[in-house]
Amino acid sequence: MELTGGDYHIGGVPVRPIAKWAGTPVYVYDAAVMDRQAERLRKAFAGTPARFMYACKALTNIAVLRHMRTLGLGLDTVSIEEVEIGLRAGFTPTEILFTPNMVPSSEYQRAAELGVHINIGSI
């Protein structure tokens with residue numbers, strides 16, 4: 001968000017009309033910022049085999065998840081619900097990493113049934 005001419009803007013769009021139209025609180029995400037950050041990661045690790053995973057726990061907004069997928073990112077999830085929303089957002093099971101912490105074995109079983117990668121830190 002930038003302060004320009006006494007008004008806040010997100011991606012060059014004034015915030016006040018958005019707030020007036022949608023009401024407050026309203027959440028606005030700037031896809032251009034997400035694009036730049038993904039590109040910064042790619043450049044920082046150029047020449048190194050790397051796969052970048054969006055931490056789903058940061059924000060499970062399905063539109064944001066879909067955008068992360070268009071950027072070529074995978075999805076790091078910590079709950080079976082995040083796995084399921086990732087699948088609904090269009091991620092394939094091989095693009096999802098399930099990294100739970102102290103979950104019941106039924107969640108591991110469900111993740112295995114869904115075909116996602118599972119990272120087991122503790123049992």
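**Rings, core and a buried threonine**

Q: How many aromatic pairs does a search of the whole structure find?
A: Two aromatic pairs turn up in the search. Keep in mind that this is a predicted model.

Q: Take Phe98 and Tyr108. How are their rings set?
A: The ring centres are 6.1 Å apart and the planes stand at 70 degrees. Edge-to-face needs over 60 degrees, so the pair Phe98 and Tyr108 is edge-to-face.

Q: And which parts does that pair tie together?
A: Phe98 sits in strand S6, and Tyr108 sits in helix H5. The pair therefore links parts ten residues apart in sequence.

Q: Are Phe98 and Tyr108 buried or exposed?
A: Both are buried.

Q: New topic. Where is Thr77?
A: Thr77 is in strand S5, residues 74-77.

Q: Why is Thr77 called buried?
A: Its relative accessible area is 0%. Buried means under 20%, so Thr77 counts as buried.

Q: What does Thr77 touch, not counting residues up to four places away in sequence?
A: Its contacts include Cys56, Glu82, Val83, Ile96 and Phe98. So Phe98 of the ring pair also touches Thr77.

Q: Now the largest nonpolar core. Which residues touch the most other members?
A: That core has 23 residues. Tyr54, Leu65, Met68, Leu75, Val83, Phe91 and Val116 touch the most other members.

Q: Which elements give two or more residues to this core?
A: Helices H2 (31-44), H3 (62-70), H4 (80-88) and H5 (105-114), plus strand S6 (96-98).

Q: What is Tyr54 in contact with, leaving aside neighbours within four places in sequence?
A: Among its contacts are Leu59, Val64, Leu65, Met68 and Leu75.

Note on methods. Residues are numbered from 1 along each chain as its sequence is written. This is a predicted model: local features need pLDDT of at least 70, side-chain atom pairs count only at pLDDT 80 or more; totals for chains, interfaces and linings use all residues. Side-chain values use heavy atoms; hydrogens and water are left out. A nonpolar core is a set of buried Ala, Val, Leu, Ile, Met, Phe, Trp, Tyr and Cys residues joined through side-chain atoms within 4.5 Å. Buried means under 20% relative accessible area, exposed over 50%, partly exposed in between (1.4 Å probe, protein chains only). Helices (H or I, at least four residues) and strands (E, at least two) are DSSP runs, numbered from the N terminus. Contact means heavy atoms within 4.5 Å. Rings of Phe, Tyr and Trp (its six-membered ring) pair if their centres lie within 6.5 Å; planes under 30 degrees apart count as stacked, over 60 as edge-to-face and the rest as tilted.
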